[in-house]
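Hi everyone, thanks for making time today.

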Amino acid sequence: MSEFVYFDHAATTPMAPQVRDAMYPWLGEKFGNAATLYSVGAEASEAMETARAAVASMLGSRPEEVYFTSCGTESDNWALKGVGCVTCSCRGGSERPHIITDRAEHHAVLDTCEFLEGIGAEVTYLDVDGHGRVDPDDVKAAIRPGTRLVSIMHANNEVGSVNPIREIARIAREAGVLMHTDAVQTVGKLSYSVDSLGVDLLSLSGHKFHGPKGVGALYIRKGVKLAPFMHGGGQELGKRAGTSNVPGIVGLGAASCLGCGGRDAEAAREKALSERLIAGVRERIPSVEILGHPTERLPGTVCMVVEGIEGEAMVLSLDAEGFACASGSACTTGSLDPSHVLLAMGLPHERAHGSLRISFGRGSTEEQVDRFLEVFPGVVEKLRRMSPTWKD
Ligand code: PLP
């Protein structure tokens, strides 16, 4: 069998060799607790601060505005609960904080909002357009007295559309409302700074840009009041207690350096791969719809609906052919529910079951795309022959 092809970089990415090398000593002889005073602890603390500076440099922020977390999900939870809980009744306040988000967010945001509603917050879930994007005018219209936070993702993980965050953040700032963005899918891939976006809070995750799993960060703009997320020790300026994951943090720092270097060239390369894939699929397979915004999109994420076929069937058949791809409807939990993102975009249930997501990373090549284009038409033809819904 030929080489296994990994086309699911939106789910996770392989660790870069430079990241692994940077982490290695911290998994072995350099095991000190960064909170201790003696030299092996101080050395670990120093390594963490070097990593913090690397993340800050990638984001264009101050190092002291970067707080390490365990993942993107935790960063999202902290941003939302930190703002929601500063004011709501669970901390003795009388106010019902109002949060604005949208229906196409990752569950890390949606489920946290649901939790906050349960303890007294009010949440407005904005509709998205047919590409999965939020209209800034809808954000403006939803802001009211008591609105504390706008949380809109930078790029959607299923269809790859990029939201007009700069415009939305400007609206939030003019209204005196904090702006959070879940940038898990764009950090290390698109070039921007937190100031150019205008956000107050930004979530990122190491394993999405060739860093390790189990580490993420939340950018908190200086002066923003956020309730601590974990209580205990004084780590992360007392806001996120817990013994620091030094190897993971060192790896995140190394991935950030890698993310900064050649980011635009890599984005252009992945965009060319996406265009090659889309053109090839359109040429070879009838009744395929490419989802997401045609231009405002992640360079390396392609999501398509292949009429008459379930997404899971395509994923399993492609796996048998040596390709790892994803279906939007199963990307988070393995559930067979239709994708909430595709439903929010207005796709009917049967089409929302039929998406296939291909996402490229630094190791993806033209040859892999060409091999996929050789195999995929046969997979589709076979599945359509068995499909009760496909009418040729
Ligand atoms: N937000 C988005 C947009 C994501 O794509 C993901 C991961 O799929 C997350 C949040 C969660 O990140 P993590 O896996 O680091 O918890």
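Let's begin with one serine, S256, which is buried, with a relative accessible area of 0%. Keep in mind as we go that this is a predicted model. You'll find S256 in helix α8, which covers residues 246–260. So what is S256 in contact with, once we leave aside its neighbours within four places in sequence? The answer is A54, V55, M58 and F209.

Now let's move over to the ligand. There are 13 residues around the ligand, and those that come nearest are T73, D182, Q185, S205 and K208. Which helix gives the largest share of this shell? That is helix α3, residues 72–87, with 3 residues.

A polar backbone atom of G72 sits 2.8 Å from an oxygen atom of the ligand. For H207, a polar side-chain atom is 3.0 Å from a ligand oxygen. With H106, the distance from an N or O atom of the side chain to an oxygen atom of the ligand is 3.5 Å. On its own the ligand has 390 Å² of accessible area, and the protein covers 88% of that.

Next, please find helix α6, residues 165–174. Its buried residues are I165, I168, A169, I171 and A172. Looking down the axis of α6, these buried residues fall within an arc of 160°, so they line one face of the helix. Here is a handy reminder: an α-helix has 3.6 residues a turn, so residues three or four places apart point the same way. And what covers the buried residues of α6? The cover includes α5 (136–142), β5 (147–151), β6 (178–182) and α7 (194–197). Just after α6 comes G176, with a positive phi of about 75°.

That brings me to backbone angles. Most residues other than glycine have a negative phi. Two residues here are worth a look with that in mind. H210 has a positive phi, near 70°, and it is in the loop between β7 (201–205) and β8 (216–220). S287 also has a positive phi, near 55°, and its place is the loop between α9 (263–284) and β9 (288–291). Are they buried or partly exposed? H210 is buried, at a relative accessible area of 9%, whereas S287 is partly exposed, at 35%.

That's my tour, and I'm happy to go back to any part of it.

Technical notes:
Residues are numbered from 1 along each chain as its sequence is written. This is a predicted model: local features need pLDDT of at least 70, side-chain atom pairs count only at pLDDT 80 or more; totals for chains, interfaces and linings use all residues. Side-chain values use heavy atoms; hydrogens and water are left out. A residue is near a molecule or strand if one of its heavy atoms lies within 4 Å of it. A polar contact is a pair of N or O atoms within 3.5 Å; within protein, one must be able to donate a hydrogen and the other to accept it, and residues adjacent in sequence count only if both atoms are side-chain atoms. Accessible areas come from the Shrake-Rupley method with a 1.4 Å probe; for residues, only the protein chains shown count as cover. Helices (H or I, at least four residues) and strands (E, at least two) are DSSP runs, numbered from the N terminus. Buried means under 20% relative accessible area, exposed over 50%, partly exposed in between (1.4 Å probe, protein chains only). The arc is that of the directions from the helix axis to the C-beta atoms. Contact means heavy atoms within 4.5 Å.
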